[in-house]
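Hi everyone, thanks for making time. Let me put the structure up, and then we can walk through it together.

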Amino acid sequence: MTTNPEEKALLADAYQVKREKQQWNPADTTVAIQRGLAMARTKRSGRTFRVKWITAVLVTVLAAGWFLLGPLGNYGQQPATYTEPVTDWGVLEPFREISTDMEKATITSALNHGYVQLVDRTVTSGIYQFTVNAVLADENRITVLYTARTDASQEIYSIVNTKMTDARTGYVLDNGNIGGVHFSNDKHTIYGRNTIERNRNKPLPEQVNLQFQLSSIVPDVVGNSENGEKERKYKYSKKMNLSFALDPKFSIPKTEVINVNRTFTLGGYEVLLSEVEMSPLVTRVKFVRAPDQEIDYKTKLSLNEIVRPIEIISTSRNGKQTKLSMVGGSGSEDGMMYSFSSNLLDHPESMVLKLSGKPDKVYDDLQEAKNDELEIKIK
């Protein structure tokens with residue numbers, strides 16, 4: 001599909017959000033994701049909600065086929081606790097600087113256990129250079145760590161129009177693309193992460209192809225928008241392709257399913273935490289309405305709105321805690337499936353899910369909100 005210059009400019013401007021994310025903390029980003037789903041739900045139900053925001057910086061993140069989660073506010077979240085690697089990250093050290101990335105706990109756990117494949121393959125087009133540094137994969141996700149560069153003549157701006165396919169069959173693997181980036185101080189380098197959601201019922205490809213374009217800012221060139229404001233001009237690379245094989249170790253199933261089947265009450269409704277799926281790269285939590293509870297469609301929407309997960313606290317054998325941040329979610333006929341980061345490879349001994357205990361309450365005090373949190377033991 002051909003993208004005209006105006007569309008490309010819009011894509012590039014949207015990508016600027018990722019540059020600004022460098023200054024956000026994980027709690028802010030979680031709230032932003034939650035706001036996206038809230039807006040979608042409000043439109044579907046025709047209801048309006050008044051929410052007093054605690055967090056000042058918000059952005060809505062929408063991914064194809066995924067709508068992301070509820071209008072919460074910060075709910076008293078403290079700075080995230082992540083498992084730190086026992087050694088440095090070696091050649092992947094620059095990617096540690098994606099410090100606001102909600103997937104950091106997942107990637108750290110994978111690196112600690114050698115669940116990473118170094119790729120180090122590069123493709124060049126004119127002033128643009130793109131390198132796939134490493135990849136992680138399991139039944140549910142493929143995560144690519146990459147470096148994008150321009151030469152000294154232009155400042156790098158974005159990576160756009162990304163598409164991942166099975167290199168052998170051409171089957172498109174994208175099903176929601178979650179990303180994070182870190183811009184280097186020289187303004188010519190991006191360190192980034194793309195995470196592709198997968199269907200676990202389909203076999204993992206032996207080799208994948210990544211297609212994309214890079215963009216840069218044309219120096220000393222500005223134009224006028226329709227309202228007369230000055231705006232930057234961008235240059236785009238040709239479509240670039242880079243193929244690489246996936247390590248066979250990623251094809252070995254590692255997903256664990258915990259049948260929780262715990263019922264709790266929120267907002268006057270009974271909700272069932274049905275099961276939790278854990279793989280090396282993602283933790284998925286499934287909620288359904290409680291059995292024998294007859295509710296109409298409007299009430300189903302309300303039920304989805306009041307179930308507001310915050311995070312999962314995972315505790316290892318030595319007592320070390322890791323906060324697993326919420327990264328996305330999708331709706332179903334009978335409930336919701338929420339996704340969190342994962343530290344399955346650390347073999348957690350216990351896991352506790354935290355939710356907003358009083359979803360209709362507006363908080364001015366973070367400690368008060370924290371006191372109202374509902375905790376559900378997963379294992």
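This is a predicted model: local features need pLDDT of at least 70, side-chain atom pairs count only at pLDDT 80 or more; totals for chains, interfaces and linings use all residues.

Residues are numbered from 1 along each chain as its sequence is written, and side-chain values use heavy atoms, with hydrogens and water left out.

So, which residues have the most contacts inside the largest nonpolar core? They are Phe-130, Ile-142 and Phe-244, in a core of 44 residues. By core I mean buried Ala, Val, Leu, Ile, Met, Phe, Trp, Tyr and Cys residues joined through side-chain atoms within 4.5 Å; buried is under 20% relative accessible area, with a 1.4 Å probe and protein chains only. Strand β2, residues 128-137, gives this core its largest share, seven residues. Strands here are DSSP runs of E, at least two residues, numbered from the N terminus.

Phe-130 touches, among others beyond four places away in sequence, Tyr-146, Ile-159, Phe-212 and Leu-242, with contact meaning heavy atoms within 4.5 Å.

Now, β2 itself: nine of its ten residues are buried, so the rest of the structure largely encloses it. On one hand, β2 pairs antiparallel with β1, residues 117-125, over seven bridges; pairing takes at least two DSSP bridges. Thr-124 has Gln-129 as its bridge partner. On the other, nine bridges join β2 to antiparallel β3, residues 141-150, and Val-135 partners Val-144 there.

How values were computed
Buried means under 20% relative accessible area, exposed over 50%, partly exposed in between (1.4 Å probe, protein chains only). Helices (H or I, at least four residues) and strands (E, at least two) are DSSP runs, numbered from the N terminus.
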